[in-house]
Number of protein chains: 2
Amino acid sequence: MSESTYPLGDSVLIERKGLRDRVYDLVLDMLVGQAIAPGTRLSIDAIARDLKVSPTPVREALVQLERTGLVTREPLKGYRVAPQITDGQLESLFDTRIVLEGGAAALAARHADALVPRLEAALAEHRTVTATVRAAAATDGLTVALLRQYFTVDWNFHHLIFEGTDNPFLIDMSEAISTRVHRMRQTVLSGVTDADDAVAEHALILDAFRTGKPDAAAASMRDHIEKVRFRSRTDAHTPDVHVH
Amino acid sequence: MSESTYPLGDSVLIERKGLRDRVYDLVLDMLVGQAIAPGTRLSIDAIARDLKVSPTPVREALVQLERTGLVTREPLKGYRVAPQITDGQLESLFDTRIVLEGGAAALAARHADALVPRLEAALAEHRTVTATVRAAAATDGLTVALLRQYFTVDWNFHHLIFEGTDNPFLIDMSEAISTRVHRMRQTVLSGVTDADDAVAEHALILDAFRTGKPDAAAASMRDHIEKVRFRSRTDAHTPDVHVH
DNA sequence: ATCGAAAATATCCTATAGGATTAGCTGCAG
DNA sequence: CTGCAGCTAATCCTATAGGATATTTTCGAT
């Protein structure tokens, strides 16, 4: 038994990617989803009990999480949620983004013809969600889920450019950046007031890609990130927006 | 007890960084040290028996190794040594290095005054080891240890520039690059015939840093890596150099 | 002789138990 | 009331055992 006789074994086939990855996804969602206080202890046994698995896969997932910078580890003392990003680290993060995403834009411009349609679709979705967010903010119906959706479509534009490079190393590094950017947004809470600016700047980047010139694409990207940096600085210490 | 009364407790304090990191270092040395055939299975139990530890720390070390790209993993099938780098991946690696190290050079130029002395020392060491390698090659006394030493001092120059940025994210990414570059050198076996070229180009980079201009530093670094790429292309499929 | 199938081996994956260490709390002295 | 010693409890780390799966070997049929 256990041939392909019973085609309804799909549900168990989905499970066939190891417990480790499922635990990883769940803990990651928990970390980027709801803002958890930095320094909170992440007990291996407690997580294992909650998820009804043994500590071993939890341990492996945390090792993987550690390399993303979301959790920190002290030997013999356990894992903790990484401390809030400092102002200095924020500047370093933007410097890194300018280097990485600027270079990625230049490389992706080689395949501009294949990339432009995707960017257009992503930008259209970005516009739509931005309008929804504005309407919700006006009627005081801004939900956390809607915020997350906005962050996703915003980052999706940047991610497409990384994928456009067709460079596995750069794509891998983009994910390392992604987790940090998400974490930054939890604390800064910007990126909602400047939604229109972001859309406009993304449109400029798209125009640059339409020209097919690598330098233009890189310059527009660097310009965009530099402006995001500036807006983040000013919005850094303003009180949070009210969210339902 | 356990105050600073007994200062001889240092030896046990060295051990106090957990088995996982020690296993990681050992396996990493094994992978970058002696060239292991790609696709070789890395049995968790076998490694655990060899190192006289339980499988758990081995498992964690392999998860960490997986993110460096040195080993691959298939769920329910185990770990293997990552396949040899392909020509396309090699080009991608050089593209990534140009983006990352070019940007790092521009950022490190901010602290050029503190960085230049270190680069001078590293370059001097690079020169010394290069002379030793040349002499050894002439007398047919080229050892693997000497080769490793050369690779180390060569990369040390690049690593200093990353550290000069004082940017934790870029430094972290530099280590991700480092393992790939080491692995590439195992297969390409270049970097020994062009030792003099490398030293000369590093000297040019140092000169650029002396001017303190970020653009000059970045340009010299990109130029260097581009030349390394070109030399790697030509040397890619030449027979191996005889090494004792 | 070659191809296919089935059994045996080795390996991974998960679960549970025990020793060692650390964090938190209670109680007492100053 | 404050500070410190000592104890309790929770946690991490390591080790071992059992079930499930993949790979290899062997045997038999064409």
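**Entry 1: the contact between the chains**

I looked up the contact between chains A and B and found 25 residues from chain B and 24 residues from chain A in it. Contact here means that the C-beta atoms of two residues, placed from the backbone, lie within 7 Å. The model is a predicted one: local features need pLDDT of at least 70, side-chain atom pairs count only at pLDDT 80 or more, and totals for chains, interfaces and linings use all residues. Residues are numbered from 1 along each chain as its sequence is written, while chains are lettered from A and ligands numbered from 1 in the order in which they are written.

Helix 5 of chain B gives the most, with nine residues. Helices (H or I, at least four residues) and strands (E, at least two) are DSSP runs, numbered from the N terminus.

By class, I recorded 11 nonpolar, eight polar and six charged residues on the side of chain B that touches chain A. Nonpolar covers Ala, Val, Leu, Ile, Met, Phe, Trp, Tyr, Cys and Pro; charged covers Asp, Glu, Lys and Arg; the others, Gly among them, are polar.

**Entry 2: the sheet of chain B**

I found three strands of chain B in an open sheet, ordered 1-3-2, with antiparallel pairing. Strand 1 (41-42) and strand 2 (71-74) of chain B are at the edges with a single partner strand each, so one side of each has no neighbour in the sheet. Strand 2 and strand 3 (residues 78-81) of chain B pair in the antiparallel sense over four bridges; a pair requires at least two bridges found by DSSP. I also checked B:R73, and its bridge partner in strand 3 of chain B is B:Y79.

Helix 4 (residues 55-66) of chain B packs on this sheet and touches strand 1, strand 2 and strand 3 of chain B. Its direction makes about 110 degrees with that of strand 2 of chain B; axes are lines fitted to C-alpha atoms, for helices over the stretch in contact, and angles run from 0 to 180 degrees between N-to-C directions.

**Entry 3: helix 4 of chain B**

Nine of the 12 residues of helix 4 of chain B are buried, so this helix is largely enclosed by the rest of the structure. Buried means 20 or more other C-beta atoms within 10 Å of the residue's own, with C-beta atoms placed from the backbone. Among the buried residues I listed B:P57, B:R59, B:E60 and B:L65.
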